[in-house]
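Here are some notes for a colleague opening this structure for the first time.

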Amino acid sequence: QVHLVESGGGLVQAGGSLRLSCKATGRSGGSVFTGWFRQNPGKEREFVAAIGRDDSTYYSDSAQGRFTISSDFAENAVYLQMNSLKPEDTAVYYCGQTNYGLFSDWKSYHEWGQGVQVAVSS
């Protein structure tokens with residue numbers, strides 16, 4: 001069983017930056033995609049970015065141009081660099097893994113971390 005742990009969240013002012021980390025431990029056969037999602041109370045988990053084993057990257061419209069997802073497969077780690085943060089980016093951010101091609105759909109992910117809070121003040 002694989003375990004995912006996020007870190008790097010915090011409180012920043014609008015326009016600031018944060019770098020989130022997702023570290024995987026434990027047995028795993030590997031995943032096709034690792035993704036970042038975010039969620040606020042009462043709302044569905046929202047796709048932010050994903051990265052494939054071939055280092056292909058995908059972004060939501062809101063993340064495009066501001067966020068960058070990257071990975072270090074040797075370290076079983078995935079990162080999300082978030083720049084030009086906006087108050088609407090405030091959420092709990094989760095990383096997950098999926099062996100399916102629907103990388104933007106949270107329901108396709110079989111492993112999740114516990115989440116990390118990101119708060120952006122105006």
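1. Two strands count as paired if DSSP finds at least two bridges between them. In this predicted model, S1 and strand S3 (residues 18-26) meet that condition with 6 bridges, and their pairing is antiparallel. Within the pair, Ser7 stands opposite Ser21 in S3.

2. The S1 and S3 pair belongs to an open sheet of 4 strands, in the order S1-S3-S8-S7, with antiparallel pairing. Strand S1 (2-7) and strand S7 (67-72) each have a single partner strand, so they stand at the edges and one side of each has no neighbour in the sheet. On average, neighbouring strands of this sheet are turned by 15° against each other, direction ignored.

3. Which residues have the most contacts inside the largest nonpolar core? They are Leu20, Trp36, Val48, Phe67, Leu80, Met82 and Tyr93, in a core of 24 residues. At least two residues of this core come from each of S1, S3, S5, S7, S8, strand S9 (91-98) and strand S11 (116-121). S3 gives the most, with 4 residues.

4. Not counting residues up to four places away in sequence, Leu80 touches Leu18, Arg19, Leu20, Trp36, Val48, Ala49, Phe67, Thr68, Ile69 and Tyr93. Another core, of 6 residues, lies apart from the largest one and includes Phe37, Ala50, Phe103 and Tyr109.

5. Gly10 is found in strand S2 (residues 10-13). Its relative accessibility is 25%, which lies between the limits of 20% for buried and 50% for exposed, so Gly10 counts as partly exposed. Leaving out residues up to four places away in sequence, Gly10 touches Leu18, Gln117, Val118 and Ala119. Gly10 and Ser21 are 11 residues apart in sequence, and their C-alpha atoms are 12 Å apart in space.

6. Two backbone angles deserve a look. Most residues other than glycine have a negative phi. Asp55 is not a glycine, yet has a positive phi of about 70°. Asp55 lies in the loop between strand S5 (46-52) and strand S6 (57-59), and counts as partly exposed at 46% relative accessibility.

7. Asn76 is the other case to check: its phi is near 50°, a positive value in a residue other than glycine. Asn76 is found in the loop between S7 and strand S8 (77-82). With a relative accessible area of 46%, Asn76 is partly exposed.

Methods: Residues are numbered from 1 along each chain as its sequence is written. This is a predicted model: local features need pLDDT of at least 70, side-chain atom pairs count only at pLDDT 80 or more; totals for chains, interfaces and linings use all residues. Side-chain values use heavy atoms; hydrogens and water are left out. Axes are lines fitted to C-alpha atoms, for helices over the stretch in contact, and angles run from 0 to 180 degrees between N-to-C directions. Buried means under 20% relative accessible area, exposed over 50%, partly exposed in between (1.4 Å probe, protein chains only). Contact means heavy atoms within 4.5 Å. A nonpolar core is a set of buried Ala, Val, Leu, Ile, Met, Phe, Trp, Tyr and Cys residues joined through side-chain atoms within 4.5 Å.
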